[in-house]
Amino acid sequence: MKKPNLTIKDIAKALNISASTVSRALNNNPDISTETIKLVQSYAKEHKYVPNTLALSLRLQRSNIIGVIIPEIANHFFSSVLSGMETVADEEDYHVIVCQSYENYEKEKKNVQALINSRVCGVLVSMAKTTTIYDHFQELIDNNIPVVFFDRICTGIDSEKVVVDDYSGTFAAVEHMIQTGCRRVAFFHAPLNLEISKNRKNGYIDAMMKYGLPVDSTTIREADTKQLGYREAIDLLQSKNRPDAFMAMNDNTASGILLATKQLGLKVPEEVSIFGFSNSNISQDTDPMLSTVEQHPQKVGEEAMRLILERVKDEPRSTAKNKYVKTSLVLRETTRKLP
């Protein structure tokens with residue numbers, strides 16, 4: 001029986017490194033150390049590795065399909081982003097395949113492999129919040145598939161990005177609450193491995209510092225779901241020096257905070273102000289309705305699709321483009337009016 005040809009995955013397993021590292025080492029990628037390149041290429045030569053030219057030609061074959069990886073399609077923000085993407089894709093006669101990671105790193109890796117196997121011509125990605133290793137994204141690039149990140153971006157990969165101006169949106173929301181008399185503002189964030197969380201936290205801190213207000217680490221907590229927002233708000237609102245305002249990571253978290261204030265008999269916004277983020281449907285379903293930060297997700301989707309199509313069509317560019325979508329405040333009933 002003929003011995004099967006050695007594959008990149010075989011080399012990766014033998015050397016206990018990732019397949020994407022092997023691929024880059026075989027192609028003398030400057031991001032890989034000289035030692036690793038020598039190790040991989042020596043092993044490949046010794047074991048008579050032959051590149052699969054058929055697979056390579058299939059990989060390089062152009063299609064008119066764009067892959068999209070999102071955490072969850074049921075999320076208002078991501079469903080609106082998809083709407084924007086599909087609007088532009090339709091205009092340019094491209095099709096969209098959507099994969100969901102469900103906030104799971106392993107699922108996200110499988111999404112990437114499925115899109116490579118489907119020979120998509122480009123991929124748009126918003127990372128799962130559990131993702132801290134990025135080899136699977138590099139594998140897309142190693143397979144000559146351009147990648148554009150949106151919203152939850154990956155700073156470890158050299159690629160275009162489309163992001164909401166999370167810093168300015170959070171700064172403006174916190175500043176509004178301070179200007180209406182709030183002095184002890186709590187901040188609830190998502191995992192800080194996400195750039196959006198870091199940027200929003202920085203916006204919060206800078207707004208507090210601008211007005212000379214203390215930043216108390218006990219009021220900065222990880223809570224990005226309704227359940228966590230409720231639990232952490234109950235704890236803080238029963239403390240001796242309770243917050244008089246909350247800046248939430250999203251509207252779901254804000255709705256959990258609002259539920260906690262109601263359960264404790266506190267008046268909103270007279271005693272406690274609450275600001276959400278996203279302007280999702282839930283922000284108008286609560287009683288009172290939530291003040292929130294509008295992210296303009298449709299525009300995020302449109303900009304991301306335009307960027308990936310520029311890459312797919314090999315349109316000239318001097319440097320990687322990063323697009324920033326401005327936010328705006330939507331003032332409703334959970335915050336006080338300016339004097």
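**Exercise 1.** Is Val96 buried, partly exposed or exposed, and what is its relative accessible area?

*Solution.* The structure is a predicted model, in which local features need pLDDT of at least 70, side-chain atom pairs count only at pLDDT 80 or more, and totals for chains, interfaces and linings use all residues. Residues are numbered from 1 along each chain as its sequence is written, and side-chain values use heavy atoms, with hydrogens and water left out.

Step 1: the classes are buried (under 20% relative accessible area), exposed (over 50%) and partly exposed in between, with a 1.4 Å probe and protein chains only.
Step 2: Val96 has a relative accessible area of 23% and is therefore partly exposed.

**Exercise 2.** Place Val96 in the fold and list what it touches.

*Solution.* Step 1: Val96 belongs to strand β2, residues 95-100; strands (E, at least two residues) and helices (H or I, at least four) are DSSP runs, numbered from the N terminus.
Step 2: its C-alpha atom is 5.7 Å from that of Ile65, 31 residues away along the chain.
Step 3: leaving aside residues up to four places away in sequence, Val96 touches Ile66, Val68, Glu86, Ala89 and Met305, where contact means heavy atoms within 4.5 Å.

**Exercise 3.** Describe how α8 packs against α9.

*Solution.* Step 1: helix α8 (residues 166-179) meets α9 at about 35°, and the axes lie 7 Å apart; axes are lines fitted to C-alpha atoms over the stretch in contact, and angles run from 0 to 180 degrees between N-to-C directions.
Step 2: residues making the contact include Phe171 and Val174 of α8 and Tyr204 and Met208 of α9.
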